[in-house]
Amino acid sequence: GAWMRDRRGLAATTMAHSMPVVQALLVTVGDDPAALDSAAVRRFVLAYIQQHAPASAGCVTTIVRCFLRWLVMHGRCATDLVEAVPKMPTWRLTKLPNYLPDADVARLVEACDRPSSVARRDRAMLLLLARLGLRAGDVVALRLGDIEWELGRLRVVGKGRRETRLPLPQDVGDAILGYLVAERPASTIDHVFLTARTPIRPIRSSGLRDVVGRAIERAGVQAPSRGTHLLRHSLATRLLREGATLDTIGAVLRHRDVNTTAIYAKVDVGLLGQVAQPWPDAEVSSC
């Protein structure tokens with residue numbers, strides 16, 4: 001865990017997802033990594049993937065390779081074991097991203113305007129997701145010192161500990177300030193968003209996901225999903241329809257690879273229909 005954090009710069013959530021896979025791998029060899037061989041590695045990966053969601057296959061193989069490299073570095077296993085991890089086929093851009101129309105996003109934010117001890121907090125967090133496209137981890141990790149009020153900027157440390165400064169929109173800044181002044185519990189914790197009930201602690205990604213889900217229910221929105229990424233996808237979709245380039249969208253969402261942004265090129269189905277070519281007439285073969 002320390003190696004993943006210090007050398008690889010991985011986030012705490014990534015490490016939390018990785019440890020169960022590593023522990024399951026060690027169980028197969030009685031906690032003795034020296035007993036690992038190519039057959040054991042392949043057998044474990046294939047069996048583990050069959051017991052979990054197919055979408056996690058790529059993550060599982062990445063975690064196993066990471067752990068094997070750590071073992072090799074410490075001389076705990078054969079150096080060629082990394083090559084034994086099977087490569088799982090993945091098909092990029094096969095699905096449309098889930099998103100909400102602008103009107104529904106506005107209804108979600110408005111659903112936080114209610115008598116509640118956490119209304120201002122929830123509204124501020126939803127605006128960060130909807131206006132800046134932050135990830136859940138970005139929001140819950142936000143600290144008081146990350147808000148540069150005089151410059152109107154926000155410091156965000158994202159994946160791989162990449163530090164970025166984003167402009168702070170007026171409505172987002174007002175929402176955060178309203179929460180800090182009127183609602184945030186008195187605490188020495190420097191995280192911006194805290195739980196409302198004791199013990200007071202920074203809100204977690206799972207808590208933020210619940211906030212989004214409850215806002216969807218209160219707003220009566222028919223949402224294709226209930227995760228925090230729904231608002232991130234909605235922002236990217238809106239930018240695309242307003243004429244933003246994929247490079248611009250990738251910069252806003254802080255994508256490291258343009259291929260990650262390419263999924264949004266398929267969102268505007270109406271525009272794609274205009275440029276789609278008709279199926280060419282062809283004689284049907286007797287075969």
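Visitor: Is W70 buried, partly exposed or exposed?
Guide: In this predicted model, side-chain atom pairs count only at pLDDT 80 or more and local features need at least 70, whereas totals for chains, interfaces and linings use all residues. Residues are numbered from 1 along each chain as its sequence is written, and side-chain values use heavy atoms, without hydrogens or water. The relative accessible area of W70 is 27%, and with a 1.4 Å probe and protein chains only, under 20% counts as buried, over 50% as exposed and anything between as partly exposed. W70 is therefore partly exposed.

Visitor: What is the relative accessible area of F67, and in which helix do F67 and W70 lie?
Guide: F67 is classed as buried, because its relative accessible area is 11%. F67 and W70 are 3 residues apart, about one turn of the helix, where a helix is a DSSP run of H or I with at least four residues, numbered from the N terminus. The element that holds both, at residues 57-73, is helix α4.

Visitor: Are the rings of F67 and W70 stacked or tilted?
Guide: Rings of Phe, Tyr and Trp (its six-membered ring) pair when their centres lie within 6.5 Å, and planes under 30 degrees apart are stacked, over 60 edge-to-face and the rest tilted. The ring centres of F67 and W70 are 6.0 Å apart, with planes at 15 degrees, so this pair is stacked.

Visitor: How many aromatic pairs does a search of the whole structure find?
Guide: The pair of F67 and W70, with centres 6.0 Å apart, is one that can be described by its geometry. Searching the whole structure gives a total of aromatic pairs of 3.

Visitor: At what angle do the ring planes of F44 and Y48 stand, and where do these residues lie?
Guide: The centres of the F44 and Y48 rings are 5.4 Å apart and the planes stand at 40 degrees, so the pair is tilted. Both residues are buried. They are separated by 4 residues, about one turn of the helix, and at residues 38-50 the element that contains them both is helix α3.

Visitor: Which helix gives the most to the lining of the second largest pocket?
Guide: The lining of the second largest pocket has 14 residues, of which R121, T195, A196, R197 and I203 lie nearest the centre. A pocket here is an open set of points on a 1 Å grid over the protein atoms alone, with protein on both sides within 12 Å along at least five of seven lines, and lining residues have an atom within 4 Å of a point. With 4 residues, the element that gives the most to this lining is helix α9.

Conventions. Helices (H or I, at least four residues) and strands (E, at least two) are DSSP runs, numbered from the N terminus. On a 1 Å grid over the protein atoms alone, a cavity is a set of points where a 1.4 Å probe fits but cannot get out, and a pocket is an open set with protein on both sides within 12 Å along at least five of seven lines; lining residues have an atom within 4 Å of a point.
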